[in-house]
Structure formats: C-alpha cells, structure tokens
Amino acid sequence: MSLRDLDVVFVDLDASRALLEHEEASTPRLSPSDRLRVDRLSGDPVRQARWRASRIATRIVLERWAGRSVRGAEFEIAAGGRPSLGEGLPHFNVSHTAGVALIAVFRSAPVGVDVECQRTLSMSSERRRRIVAAADDLASVGALNPESDIDVLRAWVRLEAIAKARGSGIGVLLTEEGVIGGANRSARETEKPSLASAALDVAPPYVAAIAADTLPSAISVRRFPARAEALQDFLR
C-alpha cells in the first residue's frame with residue numbers, strides 16, 4: 001500500500017468557507033440532495049453554512065480522486081449510513097464537529113474517520129469505563145484514563161471510526177461491546193472482522209482517528225487551504 005492510496009484532509013470550515021463558496025459558485029459540485037439538505041438547515045444559519053462548506057470540501061477532495069464525473073453525483077447511502085460513490089470508485093468518509101471537518105478518501109477499502117473537539121463530558125464513571133474498555137478491546141489503545149475527558153474522547157473517536165469503516169453504525173458497535181444496553185461485553189459467537197485503526201495528528205483542541213482493513217504505518221493529515229492561490233497546489 002502507498003500513501004498515495006489514502007488522503008486525509010482536515011478542514012477549518014470557517015477559515016476556508018469563502019474559498020469553498022467561491023469554488024462552488026464558479027464550478028458547481030453539490031448534488032440536488034446536498035442542496036435540499038442545506039435548505040432544511042435554514043433554521044440554524046451557522047450549522048447550515050458549516051455543513052454546506054463541509055460538503056463542498058468533500059466533493060472537491062473526491063474530484064481529485066475520481067474526476068469530474070462525480071460533480072453533482074448523488075452519494076449512495078448504505079444501511080448503516082456509510083456514503084459511497086458507487087462501484088469501482090474510491091471509498092470515502094467524513095466527520096465534522098463544531099467548525100471543522102475531517103475527510104478521508106481510500107482507494108483500497110472502506111474507511112471510517114471521526115473528529116471531536118476536546119470538551120467537558122457529562123457521563124457516569126461506568127459509561128466512561130465501558131467506552132475506554134471497548135476501544136482497548138477493538139483497537140488496543142493502551143492505558144487511557146476513564147476519568148480523563150480527553151482520554152475518553154480518544155477512545156470514542158476510535159470506536160466511531162471503526163463503526164464507520166464496518167458500515168454498522170455506532171449503536172450496533174456499542175451494543176456489541178456492552179457500552180450500551182446495561183450488560184457487560186457480550187461473548188462472541190463468531191470472531192469480529194479485524195480492522196486497523198490509528199489516532200490522527202490534527203490541530204488542538206481536536207482529537208481524531210481513522211480505521212480501515214489495513215492502514216499505512218504513517219498517516220499524514222493535509223490541511224485544506226483557505227486561499228485560492230493555494231488550492232491548485234493542494235489538488236495536485
């Protein structure tokens with residue numbers, strides 16, 4: 001596997017929004033369902049603007065991999081909620097929180113990513129313990145402290161990324177691992193598919209992770225540009 005098979009992009013949606021809107025105005029890429037989703041968010045203008053910017057950025061990154069034919073194309077949505085471009089095209093996944101988005105495109109296999117902003121968590125000690133234990137069970141994350149908010153978030157982004165790569169949805173994974181449902185981790189009748197996962201180096205105060213069948217030993221995160229003069233270099 002080559003690093004050229006995988007692209008991970010961090011987007012500061014507020015900083016890059018003007019550039020993204022300029023690109024969409026000059027070269028429309030959003031699909032009809034994208035525009036409908038934007039319209040439905042009109043009651044929350046900040047969320048609306050950020051979601052629209054995130055989707056424009058995603059489509060620009062995808063076009064670099066799949067060509068102009070994906071402009072305006074509708075994403076296929078699997079039962080677990082994972083989007084795709086369809087048979088024979090690169091796999092991708094997107095996560096966003098507050099004013100940032102994380103986009104991954106992987107040529108070889110389905111991929112999942114998650115990004116969260118560091119914050120104070122309001123949850124029981126037992127729920128914290130179960131989240132950390134599940135992440136260690138599935139991803140061998142090592143010694144994370146369940147009483148540390150940032151460590152719980154580090155565990156959480158691993159679980160989210162794995163659930164997205166599996167295509168199962170986070171609720172299914174949390175139930176299997178005993179995080180929700182009031183039971184301890186269930187005994188496995190069959191072995192679960194093994195997925196590789198890794199923490200990603202993103203700008204503080206964010207934490208992020210990625211998961212797929214296999215991953216390169218080192219993964220770099222590119223930053224989406226905020227100025228037009230940097231966009232062409234970024235897309236090479």
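I started at Arg59, which lies over the face of Phe75, 4.1 Å from the ring centre. My criterion for a charge over a ring: NZ of Lys or CZ of Arg within 6 Å of the ring centre and within 35 degrees of the ring normal. I note that this is a predicted model, where local features need pLDDT of at least 70, side-chain atom pairs count only at pLDDT 80 or more, and totals for chains, interfaces and linings use all residues. Residues are numbered from 1 along each chain as its sequence is written, and side-chain values use heavy atoms, with hydrogens and water left out.

Next I looked up aromatic pairs. I count rings of Phe, Tyr and Trp (its six-membered ring) as paired if their centres lie within 6.5 Å; planes under 30 degrees apart are stacked, over 60 edge-to-face, the rest tilted. The structure holds three such pairs. One of them is Phe75 with Phe92, tilted, at 4.9 Å centre to centre and 55 degrees between the planes. Phe75 is in the loop between helix 3 and strand 2 (76-77) and Phe92 is in strand 4, so the pair ties together parts 17 residues apart in sequence. Helices (H or I, at least four residues) and strands (E, at least two) are DSSP runs, numbered from the N terminus.

Phe75 is buried at 14%. Phe92 is buried at 2%.

Then I followed strand 4 into its sheet. This open sheet has four strands in the order 4-5-1-9, with mixed pairing. Strand 4 (91-97) and strand 9 (222-223) are the edges; each has a single partner strand, so one side of each lacks a neighbour in the sheet. I take two strands as paired if DSSP finds at least two bridges between them. Strand 1 (residues 6-12) pairs with strand 9 in the parallel sense over two bridges. There, Val9 stands opposite Arg222 of strand 9. I looked at Arg222 again for its side chain: the charged end sits over the ring of Phe234, 4.0 Å from its centre.

Helix 3 (residues 45-66) lies across strands 1, 4, 5 (100-106) and 9, at about 20 degrees to strand 5. Angles run from 0 to 180 degrees between N-to-C directions, with axes fitted to C-alpha atoms, for helices over the stretch in contact.

Contact means heavy atoms within 4.5 Å.

How many bridges join strand 7 to strand 8? I find five between strand 7 (residues 196-200) and strand 8, running antiparallel. Ala196 faces Ala212, and Ala198 faces Ile210. A hairpin of five residues connects the two strands.

Last, I checked Thr214. It sits in the loop between strand 8 (206-212) and strand 9. Thr214 is partly exposed at 42%.

Conventions: Buried < 20%, exposed > 50% of the residue type's maximum accessible area, 1.4 Å probe, protein only.
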